[in-house]
Amino acid sequence: MATLQQLGASDIDTKIAPHQFCERLCLVKTSPKTDFAFTPGRAGPDQTVSLNKLWPALKFNTYNELKDQLKMDNKRQARFAVAATKLTRNAGIPMGKAGFAYLLGKGDQSANFLAILPKNDGGELVEDGVIFDFFDSMIEMEGAEGYCASSEFQHAFKIAMARMEIEQEMEESGEDVMPVQVTNVKNSAKKTLVMEGQPAQAEEEARKETPRRTSPRKKKQDVPVETVEAPCRRTRRRRRRKSMWNSMQEQGWDWMPGDGLVDWYYVHPNFANR
């Protein structure tokens, strides 16, 4: 699989939603024209993406939610604000009552890198006919035929796949787990709590206040260390990856053991049944 650098992904495509990429990943409708919507169980290949003119995107419930998922300098923030304002004005929707989608692969230099998403009276995104599940159409997008065959679409699709691979590697390496170490140091003068990052000067002063020993020094005891795992997103992400794999299995995907540095390979349905 190509890396983000090999794909020439923009800075936004690389950094947006660093810990919620799979959670926000979807397909959004970019054209009001729809020939027909695919119905599960219908004979023939799924053409949901092509017939609904869908695009890989990240969904956000509000504009502020979008800003929070991407650190922006003043120039970029201005481009996003102008694009969002223009979309809401044309749609006749107040900024505070609109949802937004960032279209992957577009970059903020293009004219259509944002799409507006309607919301219901309860303030939730309206998904029916507008937002589609990304993983349900994996086979069609990977097949790269018709609408999905365009270089622009494949660029966006490959960026999504590369970002998912990165998020999976982060999860497996435990990068999101933040151990908090609490060390208790007990002596005859007082009980001191030493936290990671405490200034060396404070530790030195505490040592000076400790009375000198006159008796032979006993064998040094190991300082008790309690490690507590801070709350993380590992459990939620595992559930999401499991859901994705279940969806892929239903579409005929399989897997086989890997070799070398690769743990396993995903096997496309066209080859899994051979």
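1. W255 is partly exposed, with a relative accessible area of 48%. Partly exposed covers values between the two other classes: buried is under 20% relative accessible area and exposed is over 50%, with a 1.4 Å probe and protein chains only. W255 belongs to strand β9, residues 254-257. Helices (H or I, at least four residues) and strands (E, at least two) are DSSP runs, numbered from the N terminus.

2. The basis of the values comes next. This is a predicted model, where local features need pLDDT of at least 70 and side-chain atom pairs count only at pLDDT 80 or more, while totals for chains, interfaces and linings use all residues. Residues are numbered from 1 along each chain as its sequence is written, and side-chain values use heavy atoms, with hydrogens and water left out.

3. The overall picture: the protein has 11 helices and 10 strands. Of its 274 residues, 34% count as buried. The protein exposes about 17,800 Å², and carbon and sulfur atoms supply 50% of that area. Accessible areas come from the Shrake-Rupley method with a 1.4 Å probe; for residues, only the protein chains shown count as cover. Among contacts with a separation of 6 or more, 66% join residues 24 or more positions apart. A contact means heavy atoms within 4.5 Å.

4. Together, W255, W264 and Y266 make a nonpolar surface patch of about 320 Å². Patch residues have over 30% relative accessible area and no salt bridge; like charges are joined within 9 Å, and nonpolar side chains (Val, Leu, Ile, Met, Phe, Trp, Tyr) within 5 Å.

5. Side chains of opposite charge can pair when their charged atoms come close. The structure holds four salt bridges. The criterion is a side-chain nitrogen of Lys or Arg within 4 Å of a carboxyl oxygen of Asp or Glu. E65 is partly exposed at 26% relative accessibility. R24 is buried at 11%.

6. Shared partners also join D11, K15 and R76 into one salt-bridge network. D11 pairs with K15, with 3.1 Å between the closest N and O atoms. Both residues sit in helix α2 (residues 11-15), four residues apart, about one turn of the helix. D11 counts as partly exposed at 35%, and K15 does too at 48%. R76 forms a salt bridge with D11 as well, at 3.0 Å between the closest N and O atoms. That pair links distant parts of the chain: R76 is in helix α6 (residues 74-91), D11 in helix α2, 65 residues apart. R76 is buried, at 14%.

7. Helix α6 deserves a look of its own. Its 18 residues reach 26 Å from first C-alpha to last, close to the expected 26 Å. The expected span is 1.5 Å times one less than the number of residues. Its buried residues are R76, F80, A83, A84 and T88. Cover for the buried residues includes α2, α5, β3 (99-103) and β4 (114-117). Just after α6, G92 takes a positive phi of about 70 degrees.
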